[in-house]
Amino acid sequence: MSEIDGSLDVSSENSTNVRPRDRGDAIPAALKAARAALQVAAAASPDVAARLAERIFTTVRRAPRPARELEALARARHFLIPSEGAPLAAWEWGEAGPRVLLVHGWEGRGSQLAPIGERLAALGFRAVAFDAPAHGDTPGATCTFFDVANAIQHAARALGPLHAIVAHSMGGAALTWAVRSHGLAKRYVVIAPPADLRDFSRGFARMMGLSDDLRARMEQRIEERYDVSLEDVVTEKTAATQYAPLLVVHDLGDQEVPFDKGRRLADAWPGATLMRTEGLGHRRILREREVVRAVERFVAWGLEPS
């Protein structure tokens, strides 16, 4: 693994805009009600409580797009990508050239990667961002890590051959799962990736006050539904056999997905490059000019865009 110090000079004024969100400082009222319902269900029937916990765990909350994302989507071509369930809402920037797929994270949306997509389009690429199942404009109420991985595979088949895939957060972890048996692109960029799917279920259990037994029951339901052991969904297992070039970008102050998760992926993926930033947090990193430039350089390496 090679490592790049991409630490950025963030002014104190800007720093106030990137203060990491403390996930434990406020729980929405709906989640408080759900937590209370889970405690009641757990007292009555652990199986019912596990089913309810799984439902809550996989339910997606959608946030409205800010104006900058709406404006970026207005400059793109909207279309649908066939998938197992409902078609995936997608947008493409660029008219011709090698194609790059952009993948967002949990409870995110494709338009969050518009700064990267528009910059790649300006360099002669076609950049496609899509909304995962139950995210953004794609229908649905629930989604899992495995659904996102399946969506990546469907998008790759529909849009391929792909030159590169750029993924953020949980989308990055889903990407490593989606490519574990065969490659989907020539180059990959993963920004702020988790390293172990069980980190999510453990965090959810803490937030909802679940007992270890109830968390284990919920995880077992997910394992049975997708016929997979969650112990296998770790970067050390999914990345070890990869050979395509990979750039991992992660902020030292990321409070949602700690920096060491990105380092784990870079350590596990042979030949990966790790770029660390500072002061950008988990989401602003997608819009920071120096990060966008690093991504475009890595994606365009060895090519002469049309």
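**Note on the sheet, its helices and some loop residues**

1. Glu 107 has a positive phi of about 60 degrees although it is not a glycine. With a relative accessible area of 18%, Glu 107 is buried; buried means under 20% relative accessible area, exposed means over 50%, and partly exposed lies in between, using a 1.4 Å probe and protein chains only.

2. A word on the basis of these remarks: this is a predicted model, in which local features need pLDDT of at least 70 and side-chain atom pairs count only at pLDDT 80 or more, while totals for chains, interfaces and linings use all residues. Residues are numbered from 1 along each chain as its sequence is written, and side-chain values use heavy atoms, with hydrogens and water left out.

3. The sheet is open and has 9 strands in the order β1-β9-β8-β7-β6-β4-β5-β3-β2, with mixed pairing; two strands pair if DSSP finds at least two bridges between them. Its edge strands are β1 (2-5) and β2 (77-81), each of which pairs on one side only. From one strand to the next the twist averages 20 degrees. In general, the strands of a sheet pair through backbone hydrogen bonds, either parallel or antiparallel.

4. Some individual pairings can be followed by eye in the model. β4 and β6 (162-168) pair in the parallel sense over 5 bridges, and the bridge partner of Arg 99 in β6 is Leu 162. β6 is also joined by 6 bridges to β7 (residues 185-191), again running parallel, with Tyr 188 in β7 as the bridge partner of Ile 165.

5. Why can β6 be called largely enclosed by the rest of the structure? The reason is that 7 of the 7 residues of β6 are buried. Two helices lie across this strand and others: α7 (170-178) lies across β4, β6 and β7, running at about 135 degrees to β6, while α12 lies across β4, β6, β7, β8 (246-251) and β9, running at about 165 degrees to β7. Axes here are lines fitted to C-alpha atoms, for helices over the stretch in contact, and angles run from 0 to 180 degrees between N-to-C directions.

6. α5 and α12 (residues 289-300) pack at an angle of about 45 degrees, with their axes 10 Å apart. That angle makes α5 oblique to α12, given that angles under 35 degrees count as roughly parallel, over 145 as roughly antiparallel, 65 to 115 as roughly perpendicular, and the rest as oblique. Where they meet, Pro 115, Ile 116, Arg 119 and Leu 120 in α5 are in contact with Val 292, Val 295, Glu 296 and Val 299 in α12, contact meaning heavy atoms within 4.5 Å. By class, this contact has 6 nonpolar, no polar and 2 charged residues; Ala, Val, Leu, Ile, Met, Phe, Trp, Tyr, Cys and Pro count as nonpolar, Asp, Glu, Lys and Arg as charged, and the others, Gly among them, as polar.

7. Val 103 lies in strand β4 and is buried, with a relative accessible area of 1%. Leaving aside residues up to four places away in sequence, Val 103 touches several residues, among them Phe 130, Ile 152, Ile 165 and Gly 171. By contrast, the C-alpha atoms of Val 103 and Ser 45, which are 58 residues apart along the chain, are separated by 38 Å.

8. Which loop holds His 135? His 135 lies in the loop between β5 (126-130) and α6, and at 1% relative accessibility it counts as buried. Not counting residues up to four places away in sequence, its contacts include Val 60, His 104, Trp 106, Glu 107 and Cys 143.

9. A cis peptide bond joins Gly 160 and Pro 161, with omega of about 5 degrees, and Pro 161 is placed in the loop between α6 (145-159) and β6. Ser 169, in the loop between β6 and α7, has a positive phi of about 55 degrees although it is not a glycine, and at 8% relative accessibility Ser 169 counts as buried.

Conventions. Helices (H or I, at least four residues) and strands (E, at least two) are DSSP runs, numbered from the N terminus.
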